[in-house]
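Here is a walk through one protein chain. Keep the sequence and the 3D view side by side as you read.

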Amino acid sequence: MADDPQRNFRSAYYEKVGFRGVEEKKSLEILLKDNPLDLEKLSTFSQRFPLPSMYRIHVWKVLLGILPPHSDSHTLVGGYRKEQYRDIFEALEVMRYINTSTPSTHVYLRMSQLETQLLPRCSETSAPDEENEDFLSISRAMEEIAENPIDCYWLIKCFIHQFNTKFGDSVPHLPKSLEHYLSQEEPRLLNHLKNSGALAQLPYSLWFRRCFAGCLPESSLQRVWDKVISGSCKILVFVALEILLSYKIMLMGIPRPEGVVKFLCNIPQENTDAIVTKAIDLWHKYCGTPMHAV
């Protein structure tokens with residue numbers, strides 16, 4: 001049966017403007033009926049399309065290993081996750097690492113440290129270091145996305161673990177990758193950033209260690225995290241690239257590197273959905289679109 005050009009145009013339009021195409025939603029619902037779930041197909045779907053908000057958390061849980069591929073075990077495993085959360089929480093209370101006034105993001109940090117045997121002694125607890133600040137930034141963003149503290153903790157912990165395990169070796173090379181693609185898209189801006197000394201000082205930690213947590217509002221951020229969780233850290237490069245392209249006139253007019261960094265750490269929040277959409281287009285342009293039978 002020949003492709004319907006009108007359907008293809010409509011689907012592409014829906015995807016481009018961020019709406020959830022009806023056909024894509026139906027395809028995902030079919031994938032979610034598989035038992036066991038096909039992780040490769042779910043990953044490919046998440047790479048190609050924005051996840052419908054009603055299924056996003058569930059798909060993230062499966063791709064992050066919080067829930068197993070076998071759907072009939074989800075209730076049982078979900079119960080274990082809840083018990084494990086409560087056990088860790090109560091242990092920290094007994095040891096007096098947390099109390100009723102402890103911010104929830106710091107609770108998640110201490111829980112993760114206890115599980116990974118990195119919990120400092122009570123007498124040695126101090127202000128969070130850079131790595132812990134990355135954790136806390138991602139935690140604050142995930143709190144706005146997750147539905148409850150138990151989901152939130154497991155999503156934070158498994159997201160960060162997966163990111164560090166899969167992409168830890170790649171992250172140091174992302175700034176060079178950004179420089180390469182910027183030279184392709186806007187060499188004049190690249191030269192300005194180099195000559196002003198700003199290129200070396202761009203907020204790479206915010207972009208590539210915190211995955212834009214604290215930079216993008218959650219409505220835009222979760223579309224980026226769809227791609228990261230389903231297997232691509234390269235999307236982070238193209239989000240950074242599109243931020244630079246979107247504000248190139250502003251950036252070209254800032255002579256000092258600290259001014260560039262200050263602006264990029266506090267970009268306007270009203271245009272971020274369009275930035276993410278264009279970033280995904282650039283990502284597909286340079287890296288291709290994953291093709292797998294959905």
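**From the last helix inward**

H16 has 16 residues, and its first and last C-alpha atoms are 22 Å apart, close to the 22 Å expected at 1.5 Å a residue. The expected span is 1.5 Å times one less than the number of residues in the helix. Helices (H or I, at least four residues) and strands (E, at least two) are DSSP runs, numbered from the N terminus. This is a predicted model: local features need pLDDT of at least 70, side-chain atom pairs count only at pLDDT 80 or more, and totals for chains, interfaces and linings use all residues. Residues are numbered from 1 along each chain as its sequence is written, and side-chain values use heavy atoms, with hydrogens and water left out.

Stay with H16. Its buried residues are Thr 272, Ile 275, Val 276, Thr 277, Ala 279, Ile 280, Leu 282, Trp 283 and His 284. Buried means under 20% relative accessible area, exposed over 50%, and partly exposed in between (1.4 Å probe, protein chains only). An α-helix has 3.6 residues a turn, so residues three or four places apart point the same way. Just after H16, Gly 288 takes a positive phi of about 85 degrees.

Now zoom out. The chain holds 16 helices and zero strands. Of its 294 residues, 48% are buried. The chain exposes about 15000 Å², and carbon and sulfur atoms supply 52% of that area. Accessible areas come from the Shrake-Rupley method with a 1.4 Å probe; for residues, only the protein chains shown count as cover. Among contacts in the chain with a separation of 6 or more, 71% are between residues 24 or more positions apart. Contact means heavy atoms within 4.5 Å.

Which residues have the most contacts inside the largest nonpolar core? They are Trp 207 and Trp 225, in a core of 94 residues. Helix H8 (residues 149-167) gives the largest share of this core, 11 residues. A nonpolar core is a set of buried Ala, Val, Leu, Ile, Met, Phe, Trp, Tyr and Cys residues joined through side-chain atoms within 4.5 Å.

Follow Trp 225 next. Trp 225 is one of the buried residues of H12. In H12, 10 of the 12 residues are buried, so the helix is largely enclosed by the rest of the structure. Leaving aside neighbours within four places in sequence, Trp 225 is in contact with residues including Trp 60, Ile 138, Met 142, Phe 159 and Arg 210. Just after H12, Gly 231 has a positive phi of about 125 degrees.

Ser 137 is buried, at 8% relative accessible area. Apart from neighbours within four places in sequence, Ser 137 is in contact with Arg 210 and Ala 213.

Turn to the aromatic rings. The whole structure has 17 aromatic pairs. Rings of Phe, Tyr and Trp (its six-membered ring) pair if their centres lie within 6.5 Å; planes under 30 degrees apart count as stacked, over 60 as edge-to-face and the rest as tilted. Phe 238 and Tyr 286 are stacked, because their ring centres are 5.8 Å apart and their planes are at 15 degrees. This pair links distant parts of the chain: Phe 238 is in helix H13 (residues 234-246), Tyr 286 is in helix H16 (residues 272-287), and they are 48 residues apart. Phe 238 is buried at 0% relative accessible area, whereas Tyr 286 is partly exposed at 28%. Elsewhere, Trp 60, Phe 159, Phe 163, Phe 167 and Trp 225 form one aromatic cluster.

Finish with the backbone. Most residues other than glycine have a negative phi, and most peptide bonds are trans. Asn 35 and Pro 36 are joined by a cis peptide bond, with omega about 5 degrees. Pro 36 sits in the loop between helix H2 (22-31) and helix H3 (39-48). Arg 96 has a positive phi, near 65 degrees, and is exposed at 73% relative accessible area. Phe 212 also has a positive phi, about 75 degrees, but is buried at 0%. Its loop runs between helix H11 (204-209) and helix H12 (218-229).
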